[in-house]
Amino acid sequence: RRRELQPPPPFPWPEEAAASMAVRGALQRSVVSPAGRHSASVIFLHGSGDTGQGIKAWIKQVLNEDLSFQHIKVIYPTAPSRPYTPMRGSLSTVWFDRYKISNDCPEHIETIDSMCQELTSLIDDEVKNGIRKNRILLGGFSMGGGMAMHLAYRYHQDVAGVFALSSFLNKNSAVYQALTKNERELPELFQCHGTADELVLHSWGEETNRILKSLGVPTAFLSIPDLYHELNKSELEKLQAWILKKLPEKPNDE
């Protein structure tokens with residue numbers, strides 16, 4: 001299941017694209033509730049062209065169960081539809097636009113920044129429900145992991161951690177620029193990448209990790225032999241263990 005390799009849908013009329021972008025309200029989301037008392041949250045962002053419900057189902061298929069916890073709520077939001085340049089402007093559920101799928105081009109910073117604002121309201125909802133920022137993890141698969149890195153390292157450096165599966169940042173990313181001026185302690189990054197990934201090259205993920213580490217981000221980078229642009233059971237089991245390490249049931253300060 002390679003979530004980012006679908007054939008493009010029919011090219012939309014411009015007014016359809018505009019109407020789709022105009023009706024945005026709160027992001028739709030799919031949720032796995034904790035079995036017990038809710039004391040922490042994970043926001044898991046899907047890859048391009050997918051949905052929250054889609055990646056939740058994909059994870060369940062790979063793990064043979066939901067990614068679920070006694071005390072942690074897992075939230076899978078769905079990106080709004082927007083015209084996506086790598087698909088010749090066709091509508092797709094993507095967190096932001098790209099000029100092309102490459103690490104060697106400028107970022108589409110306007111769409112990244114507007115989505116950071118929308119996702120901030122999701123974080124704010126959790127805080128209003130009594131979950132502290134240092135009990136929230138942000139992460140995702142592919143484009144979702146890139147979005148999470150922008151959201152955390154530019155706007156929410158007080159979250160518990162960040163994870164990025166098969167993800168990358170462009171060279172000269174706004175994330176790198178933000179961190180060159182940073183002096184505070186940064187959330188840990190847990191990154192996984194398949195060595196056989198043909199869409200988002202393993203070397204792009206490795207370079208992202210190396211640069212973030214040089215800018216003061218505590219990082220872990222897990223290379224998965226022969227894995228393409230997809231999720232994998234051992235990767236998700238390691239992610240589950242890392243989530244529990246970052247968000248233990250009883251925090252140290254309680």
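In strand 8, Glu188, Phe190, Cys192 and Gly194 point one way, while Leu189, Gln191 and His193 point the other way. All are buried, meaning under 20% relative accessible area with a 1.4 Å probe and protein chains only. Strands here are DSSP runs (E, at least two residues), and helices are runs of H or I with at least four, both numbered from the N terminus. The model is predicted: local features need pLDDT of at least 70, side-chain atom pairs count only at pLDDT 80 or more, and totals for chains, interfaces and linings use all residues. Residues are numbered from 1 along each chain as its sequence is written, and side-chain values use heavy atoms, without hydrogens and water.

Seven of the seven residues of strand 8 (188–194) are buried, so the strand is largely enclosed by the rest of the structure. Strand 7 runs parallel to strand 8, joined by five bridges; pairing requires at least two DSSP bridges. Leu165 has Cys192 as its bridge partner in strand 8. Six bridges link strand 8 to strand 9 (residues 219–224), again in the parallel sense. There, Gly194 is partnered by Ile224.

The largest nonpolar core has 38 residues. Such a core is a set of buried Ala, Val, Leu, Ile, Met, Phe, Trp, Tyr and Cys residues joined through side-chain atoms within 4.5 Å. Helix 4 gives the largest share, seven residues. Leu119 and Trp95 are among the residues with the most contacts inside this core. Beyond its neighbours within four places in sequence, Leu119 is in contact (heavy atoms within 4.5 Å) with Leu27, Leu45, Pro77, Trp95, Met147 and Leu151.

Technical notes. Buried < 20%, exposed > 50% of the residue type's maximum accessible area, 1.4 Å probe, protein only.
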